[in-house]
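Thanks for coming. I have one structure to go through today, and I will keep it short. Please have a look at it first.

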Amino acid sequence: MGITKRDVEHVALLARLELAEEEKESFTRQLDRIIRHVDKLNELDTEGIPPTFHTLPELRCRLREDRVGEGLDREEALAGAPEREGDCFKVPPVIEDDRG
Amino acid sequence: MDYETIIGLEVHVELATASKVFCSCPVEFGAEPNTRVCPVCLGLPGTLPVLNKRAVEFAVRAALALNCEVHPTSQFARKNYFYPDMPKNYQISQYDRPLATGGYVEFEVDGRTVRVGIRRVHMEEDTGKLLHEGVEGGSLVDFNRAGVPLLEIVSEPDIRSPEEARLYLQELRAILLYTGVSDVRMEEGSLRCDANVSIRPRGSREWGTLTEVKNMNSFRSVERALAYEVQRQREVLESGGRVVRETRHWDEGRGVTFSSRSKEEAHDYRYFPEPDLLPLVLDPAWVREIGEKMPELPAQRRRRLVEEYGLPAYDAGVLTASKSLGDLFDRTVKLYDDAKAVSNWLMGEVSRVLRERDLDIERSPLTPENLAAMLRLIDDGTISGKIAKSVLEEMVDTGKEPRAIVEEKGLVQISDEGQLLPLVRRIIEENPGPVADYRGGKKKALGFLVGQVMKETKGKANPQLVNELFRRELG
Ligand SMILES: [Zn+2]
């Protein structure tokens, strides 16, 4: 399966990236090569082999006890914010329904 | 044309853990913005999530209570989206390998049992909160809720009316409360509900186009919003149009759903297995233990109240719907034998008094001991049922013992014939009309005369005795 310019535009939209026309062209070619490379894996016979969900199958998800610990105070938390207003992070205007 | 309504509900409920699901920040409602955060829930580089054991335990308990199959291995997944309520630009959720699947909830509708399938139950983290109002040129974000543990419970499209949707939610809420996995306070956002709604001509095998209804904030608004949406779809179809697949928001104030015109593209979440968390492998012994320690569930309590105390199904339903009311019943009948009398008082006066004061049972000073003592005071004739109502109010307001209240306020019932007889004779003298009516065969007139004595004694006269005295005097 090949990657088309439409795929690139779609993924760019999902990632909120604005691409120039020549970037779209070159990303289409690059992504297409990557996908084709990965597609090679499909040539392997995986019949009867369980899917790998993690590369460390011998390990289990560690659980922690439900105990409250120390966090950041507000000033520390907001220190890395590009923009703040009062006690909050400030972000560009968004419409509620972007989230879906 | 006769249409069939098809509804599926997606419920998010907050798990009642002390700390967040992947970090140790406290979970609290109403904290100052951005004061319950840490590098993990702020998505700072280099941090890793560590799963909260209690959140898993609660999720498993809820899944078992919903009759689901809990899977020995499940997997967390990243749900990718660009919206600033999550600093990581993804939400950790579960996708193709959820914690549990294939359960059901049963409840009664007009005396018949309805079973609604549970498609899946999975864990995820809540997002931060965006504040739009009064902000110039942007939105403000509070990340206190980012990382709060949630359980998503997805029903099969088995619900056939807006009323059934409400009853399903009420039963679900009761189950979550009884299992203690959530406080389920809808007004604090700890239970949220979205609905998929479609209609089709009755008898048709094909599905209609569905719409997703969001923003319903109470059980009542769920029922209203769905009733509106069903009617709207019907009108669209009947005027020859077609229903558009879309997300619609419920506007509580205007009582309508409106299209939010979201682009379908925004729904491409590109899920993939969460690389920062290993698959969740549950120890079967632990799952068994959680099942064995399952508290009594609402359906079991309803059955027990009928079988053990001989209560009518209606009473059992009312007493079970509120866990605290049911708990008060259970504790009171241990102290006082007449279960039906306890039930009547709890469903009637106790509920009324608490409602008038906007009080929860847990937060009121009403105790089973005092309630039982009050019922005994009625039985031994110390107070009338009418006086008991004001004694109850005082008990709820002050937490005092009923006997102390009765003595303090001089509420002891007058059962002394010598004290009541002169009053009865005076009332007969003063009311020749009703007296003549009674003698003329209108037995109802007696009620009026008794009422006069009760009024004169401020409700303290023993009503049986007053009745008897009138009959004797007028007989
Ligand atoms: Zn945190």
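Before the metal site, one cut-off: an N, O or S atom is taken as a donor if it lies within 2.8 Å of the metal, or 3.2 Å for Na, K and Ca. Please also keep in mind that this is a predicted model.

Now, which residues coordinate the zinc ion? They are B:Cys23, B:Cys25, B:Cys38 and B:Cys41, each through SG, at 2.2 to 2.4 Å. The angles among the 4 donor atoms run from 99 to 117°, and the site is tetrahedral. For reference, the ideal angle for four tetrahedral donors is 109.5 degrees. Along the sequence, the donor residues follow the spacing C-x1-C-x12-C-x2-C. B:Cys25 and B:Cys41 both sit in the loop between β1 (3–14) and β2 (51–52) of chain B, so this pair ties together parts that are 16 residues apart in sequence. Are these two buried or exposed? B:Cys25 is buried, at 1% relative accessible area, and B:Cys41 is buried too, at 6%.

Next, the sheet that involves chains A and B. An open sheet of 4 strands has the order β2(A)-β3(A)-β10(B)-β9(B), with antiparallel pairing. The edges are β2 (84–85) of chain A and β9 (129–131) of chain B; each has a single partner strand, so one side of each is left without a neighbour in the sheet. Between the chains, strand β3 of chain A, residues 88–91, is joined by 3 bridges to strand β10 of chain B, residues 139–142. Within that pairing, A:Val91 is found opposite B:Ser139.

On to helix α4 of chain B, residues 284–292. Which of its residues are buried? B:Trp286, B:Val287 and B:Ile290 are. Viewed down the axis of α4(B), the buried residues fall within an arc of 100°, so they line one face of the helix. The face of α4(B) turned away from that side carries B:Pro284, B:Arg288 and B:Glu292, which are exposed. The cover over the buried residues of α4(B) includes an element of chain A, β1 (63–64), along with α1 (53–65) and β3 (69–70) of chain B.

Last, the layout of chain B.

Key: Residues numbered from 1 in each chain as written. Chains lettered and ligands numbered in written order. Predicted model: local features only at pLDDT ≥ 70, side-chain atom pairs only at ≥ 80, totals over all residues. Heavy atoms only, no water. Pairing = 2+ DSSP bridges. Helix = DSSP H or I, 4+ residues; strand = E, 2+ residues; numbered from the N terminus. Tetrahedral: all angles 85-135°; square planar, octahedral: opposite > 155°, others 65-115°. Buried < 20%, exposed > 50% of the residue type's maximum accessible area, 1.4 Å probe, protein only. Arc of directions from axis to C-beta. Contact = heavy atoms within 4.5 Å.
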